[in-house]
Amino acid sequence: MEPDIKGLGVKMDENPSLKAIVDLVAYKVSSNQESKGIEANFLQAEAALKEYISDHFKNPEDFLDRISRDSGDTKGLQDTAEAICRYYYRSKGLTFEVVWDRIGKDKDIALRTITDLIAYKVYHSPDNKGPEVNLITAETFVAEYVSENFTSIEDFDRRLQELGHDVSALRSFAESIYEYYCKR
């Protein structure tokens, strides 16, 4: 028998709808920049589910009642999984490590491009220490700046959209970060 989800008394093996929701959340985790392997993704999905239930329902039975109404429709289960993911990532906050990981895995093209533009600026500065050190410096600048100035990746993406939808927006953002750290 499978253990209950982190002490809430909700047993996944007794509820196929709950299992489907966890599977959908784990799938979403696996397709984003924070994927750390199958088992870790399922553990993260369970943690997200627990947090969502704890923060939105007086008791787990209320959540189970809600998903039992939605279980006849896979769209309802998918919507619930989406809501759990959105809530979990918004409440999680943006840390240096999260941003650094997104840059390093080359899955966030905007962050990667900004990082490369900063590394190029460092290359042409008196602080040039070679390509590897310049890249690490740029990654550090970007991870620190984004994690300190934005509460979520969605906030960061919104800011980029405000600047525009082209390379000039990324260049402008890179300039801002570079100048911020040059003045320090």
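Contact here means heavy atoms within 4.5 Å, and in this predicted model that criterion identifies what covers the buried residues of helix 7, including helix 5, helix 6, helix 8 and helix 9.

**Figure 1. Overall arrangement of the chain.** The chain contains nine helices and zero strands. Along the sequence, its elements follow the pattern α-α-α-α-α-α-α-α-α. Of the 184 residues, 40% are buried. Among contacts between residues at least 6 apart in sequence, 62% join residues at least 24 apart.

**Figure 2. Close-up of helix 7 and its buried residues.** Helix 7 has 19 residues, and the distance from its first C-alpha to its last is 27 Å, close to the 27 Å expected at 1.5 Å a residue. Its buried residues are Asn134, Ala138, Glu139, Phe141, Val142, Ala143, Tyr145, Val146 and Ser147. The elements that cover them include helix 5, helix 6, helix 8 and helix 9.

**Figure 3. Close-up of the largest nonpolar core.** This core has 26 residues, and those with the most contacts inside it are Ile114, Ile118, Val142, Val146, Phe156, Phe173 and Ile177. At least two residues of the core come from each of helix 5 (96–104), helix 6 (109–123), helix 7 (131–149), helix 8 and helix 9. Leaving aside residues up to four places away in sequence, Val142 touches Val99, Ile103, Leu111, Ile114, Thr115, Ile118 and Ile177. A second, separate core comprises 21 residues, among them Val22, Ala83, Ile84 and Tyr89.

**Figure 4. Close-up of the crossing of helix 8 and helix 9.** The axes of helix 8 (residues 153–163) and helix 9 (residues 167–182) come within 8 Å and cross at roughly 115°. The crossing of helix 8 with helix 9 is right-handed. Helix 8 contributes Phe156, Arg159, Leu160 and Leu163 to the contact, where they meet Ala169, Leu170, Ser172 and Phe173 of helix 9. By class, this contact has six nonpolar, one polar and one charged residues. Phe156 and Phe173 are also among the residues with the most contacts inside the largest nonpolar core.

Figure 5. An α-helix has 3.6 residues a turn, so residues three or four places apart point the same way.

Key:
Residues are numbered from 1 along each chain as its sequence is written. This is a predicted model: local features need pLDDT of at least 70, side-chain atom pairs count only at pLDDT 80 or more; totals for chains, interfaces and linings use all residues. Side-chain values use heavy atoms; hydrogens and water are left out. Axes are lines fitted to C-alpha atoms, for helices over the stretch in contact, and angles run from 0 to 180 degrees between N-to-C directions. Helices (H or I, at least four residues) and strands (E, at least two) are DSSP runs, numbered from the N terminus. A crossing is left-handed if the near helix is turned anticlockwise from the far one by less than a right angle, and right-handed if clockwise. Ala, Val, Leu, Ile, Met, Phe, Trp, Tyr, Cys and Pro count as nonpolar, Asp, Glu, Lys and Arg as charged, and the others, Gly among them, as polar. A nonpolar core is a set of buried Ala, Val, Leu, Ile, Met, Phe, Trp, Tyr and Cys residues joined through side-chain atoms within 4.5 Å. Buried means under 20% relative accessible area, exposed over 50%, partly exposed in between (1.4 Å probe, protein chains only). The expected span of a helix is 1.5 Å times one less than its number of residues.
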